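Reader: Before we go through this model together, could you show me how to read its features one at a time?

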Amino acid sequence: MSDTIAPVLGEATVQDLRETVRGQVFTPGDDGYAEACRVWNGEHDDRRPAIVVRCTGSADVIAAVGFARSNHLAIAVRGGGHSLAGFSTCDDGIVIDLSPMSGVRVDPVARRATVGGGAVWADVDHETQAHGLATTGGLVSTTGVAGFTLGGGIGWTMRKYGLACDNLVSADVVTADGRLVQASETQNADLLWGLRGGAGNFGIVTQFEFDLHPLGPMVYAGPIFYPAEVARDLLHAFREWAGLASDDVTGIVNLTTAPPLPVIPEEWHGKKVAAFIAASAGPVDQGEALVRAFRGVAEPIADLLGPMPYSMIQTLIDPLWEKGIHAYFKATKLARLDDELIDRLCRMHLEAPGPQCEIHVHQMGGAVGRVPEGATAFPERSMPFVLNAVTGWHDPLAGQEHREWARGVIAAASSASTGRAYVNFLGDAGAARAAYSAETYARLVALKDQYDPTNVFRLNQNVEPSGA
Ligand SMILES: Cc1cc2nc3c(=O)[nH]c(=O)nc-3n(C[C@H](O)[C@H](O)[C@H](O)COP(=O)(O)OP(=O)(O)OC[C@H]3O[C@@H](n4cnc5c(N)ncnc54)[C@H](O)[C@@H]3O)c2cc1C
C-alpha cells in the first residue's frame with residue numbers, strides 16, 4: 001500500500017465535513033446526538049463533544065483527523081467504546097467513532113481474519129466460528145477489538161495462542177498527519193511493535209489482520225461456584241495448579257457475588273461466592289483432566305464447567321456488564337500469589353461495597369510468557385498472575401466507595417506486585433509511564449516522536465512525545 005496524503009480542509013466548517021465524509025456527523029442539537037455521545041461506562045456519559053463523526057472507512061477517518069487538526073479540536077478515537085477511563089469521549093472536541101467499520105472477513109485457508117477498526121469481539125467470533133477458527137478475544141463479547149488489542153488483550157485462549165496483540169499480523173493506520181500507512185513485519189515494523197501493547201498512541205487503526213487457530217464449536221469451559229468461606233482454599237489450589245497447568249487451559253479465580261441466574265440455586269443469589277472459571281483450547285474430551293484438581297477443593301454451589309460452545313463462554317457474562325453501568329477497574333501484575341495476599345484478598349472480598357465488586361486473579365504464562373520480553377510493546381510477560389479489582393454500580397452516587405475499595409484491593413497487593421499495571425484494566429488516566437519498563441517506555445517515546453510528535457492522539461494511556 002502506498003502512503004496517501006490527507007485532503008487539506010484548511011479551516012473547514014462542519015458543513016464541509018458533512019459533505020466530505022460518507023458517515024454520519026452529529027453536533028449538539030442534531031437528532032441522534034445524545035445517543036452518539038454514549039459510551040459503555042456510565043461514568044463518562046455526561047461528556048459532550050462538539051462533533052461525533054461515525055466513519056464508514058479510512059477516507060472518513062482521514063477527513064475527520066484533518067478537520068480536527070485544522071480546527072484545533074481534541075480527538076477522542078472510539079472503537080468499541082469500552083475504555084474504563086473514558087478515553088473514547090471528550091468535552092468540546094471531536095469523537096472519531098469507527099463503530100460502523102465492524103466488518104470481518106475470514107480467509108479459512110490462510111487462517112487469517114481482517115477486522116474493521118470498530119468491530120467488537122462478537123463480530124469476530126461470529127465470522128471465525130463459522131470456519132471452526134478463533135483468535136484471542138475478550139471475556140465480554142461487546143468489548144472493542146481495537147482498544148483491547150492495542151493494549152495487549154487477555155482472553156480465554158491466550159495461554160495457548162498468545163495475547164490478542166501477539167496474533168496481530170498487520171494493521172492499516174491513519175497517522176496524525178493524515179497518511180494511511182500499513183504496519184507489518186515487512187513494512188513499518190517499528191509501528192507494528194508499538195501497536196502490540198502501546199495503547200492507541202500512534203494513530204487510528206482502520207483495519208486489523210489477525211492469525212486464526214482451529215477451535216470449537218465445542219470447548220471445555222465454564223465456572224464452578226463455591227461458598228466464599230472456601231475462597232482461601234480455592235486460591236491456594238489455584239496457585240499450585242496455575243504454574244503446572246497445560247498451556248491448553250486458561251483459568252481465573254473470581255471472588256464475587258452470586259448473580260441471580262437460574263443455574264445457581266436461589267438461596268445463593270446475592271451471597272458472596274468464589275468462582276473458578278476456565279476454558280481449554282485443547283480437545284474437549286481432554287478438558288476434564290486439566291481442571292480435575294478443582295473438583296476436590298470443596299462441595300460446589302454449582303459446577304457448570306464442562307463441554308459448551310465456544311460462542312457461549314465468549315458471551316456468558318455479557319448480561320452482567322451491560323452498556324450504561326458505572327464502572328471502575330484497577331489492576332496490577334503479580335510476581336507471586338503469597339499466603340498473606342490470599343488472606344487479604346479474601347478479607348477485602350467480604351468488605352466489598354456492592355454486588356458487582358469482583359476480585360479477579362488471572363492465570364498468565366504459557367504462550368504469553370514465551371514471547372521474548374521487548375519483542376512487542378506489551379511489558380512483563382513473565383508475570384504469573386494479573387490481579388484486577390473490578391467494580392460496577394448503578395447509583396451514580398456510589399462511585400467513590402467503589403473506587404476506594406478497588407484502590408484498596410490493589411494497595412493491599414503492593415508487596416506481591418511487580419509494580420506495573422496492565423493498561424487496559426485501568427480506570428485512571430496517566431498510567432503509561434508506570435506500566436512499561438524504562439527501556440520499553442523510551443522506545444515508545446521514540447515511536448511517538450516519529451508518528452505523533454505533537455500528541456494529536458493523547459486521549460489514551462498517553463505516551464508523551466519528547467517535545468511535549
Ligand atoms: C466489560 C469489560 C470487559 C473487559 N474484558 C477484558 C478482557 O477480558 N481482557 C482484556 O484484556 N481487557 C478487557 N477489558 C478492557 C478492554 O480491553 C479495554 O477497555 C479496551 O480499551 C476496550 O477497547 P474498546 O475499543 O472497546 O474501547 P474504546 O473506548 O473505543 O477505546 C479504548 C482506547 O483505544 C483507543 N482506540 C479505540 N479504537 C481505536 C482505533 N481503531 N485505533 C486506535 N486507537 C483506538 C481509544 O482512543 C482509547 O484510548 C474489558 C473492559 C470492559 C469494560
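**The ligand and its surroundings**

Author: Around the ligand there are 33 residues, and the closest are G79, G81, S88, I154 and Y422; a residue is near a molecule or strand if one of its heavy atoms lies within 4 Å of it. This is a predicted model, in which local features need pLDDT of at least 70 and side-chain atom pairs count only at pLDDT 80 or more, while totals for chains, interfaces and linings use all residues. Residues are numbered from 1 along each chain as its sequence is written, and side-chain values use heavy atoms, with hydrogens and water left out.

Reader: Which atom of I154 is 2.7 Å from a nitrogen atom of the ligand?

Author: The general idea is the polar contact, a pair of N or O atoms within 3.5 Å; within protein, one must be able to donate a hydrogen and the other to accept it, and residues adjacent in sequence count only if both atoms are side-chain atoms. In this structure, a polar backbone atom of I154 is 2.7 Å from a nitrogen atom of the ligand. For S88, an N or O atom of the side chain is 2.6 Å from an oxygen atom of the ligand, and for F148, a backbone N or O atom lies 3.3 Å from a ligand oxygen.

Reader: Which residues touch the most other members of the largest nonpolar core?

Author: In soluble globular proteins, nonpolar side chains tend to be buried together. A nonpolar core is a set of buried Ala, Val, Leu, Ile, Met, Phe, Trp, Tyr and Cys residues joined through side-chain atoms within 4.5 Å, where buried means under 20% relative accessible area, exposed over 50% and partly exposed in between (1.4 Å probe, protein chains only). The largest core here has 45 residues, and F276, F294 and L337 touch the most other members. Its largest share, six residues, comes from helix α8 (residues 231-244); helices (H or I, at least four residues) and strands (E, at least two) are DSSP runs, numbered from the N terminus. Apart from this core lies another, of 39 residues, among them V106, W121, F148 and A435.

Reader: What does L337 touch?

Author: Contact means heavy atoms within 4.5 Å. Not counting residues up to four places away in sequence, L337 touches L235, F238, R239, I342, L345, V361 and F385.

Reader: How many aromatic pairs does a search of the whole structure find?

Author: Rings of Phe, Tyr and Trp (its six-membered ring) pair if their centres lie within 6.5 Å, and planes under 30 degrees apart count as stacked, over 60 as edge-to-face and the rest as tilted. The search finds 13 such pairs. The rings of Y422 and F425 have their centres 4.8 Å apart and their planes at 80 degrees, so this pair is edge-to-face, and both residues are buried. One aromatic cluster is formed by F238, W241, F276, F294 and F385.

Reader: Where does the charged end of R443 sit?

Author: A charge sits over a ring if NZ of Lys or CZ of Arg is within 6 Å of the ring centre and within 35 degrees of the ring normal. The charged end of R443 sits over the ring of W193, 3.9 Å from its centre, and K333 lies over the face of F378, at 4.6 Å from the ring centre.

Reader: What joins the side chains of S417 and T332?

Author: They are joined by a polar contact of 2.7 Å, and the side chain of S417 also reaches the backbone oxygen of K333 at 3.5 Å. S417 is placed in the loop between α13 (399-412) and α14 (432-435), and it counts as buried because its relative accessibility is 18%.

Reader: Is D449 buried or partly exposed?

Author: D449, placed in helix α15 (residues 438-451), counts as partly exposed because its relative accessibility is 28%. Its side chain makes a polar contact of 2.6 Å with that of S466.

Reader: Which residues does a cis peptide bond join?

Author: Most residues other than glycine have a negative phi, and most peptide bonds are trans. Here, a cis peptide bond joins G216 and P217, with omega about 5 degrees, and P217 lies in the loop between β11 (213-214) and β12 (218-227). As for phi, E380 has a positive value near 60 degrees, and N455 likewise has a positive phi near 60 degrees. N455 is placed in the segment after α15 and is buried, with a relative accessible area of 8%.
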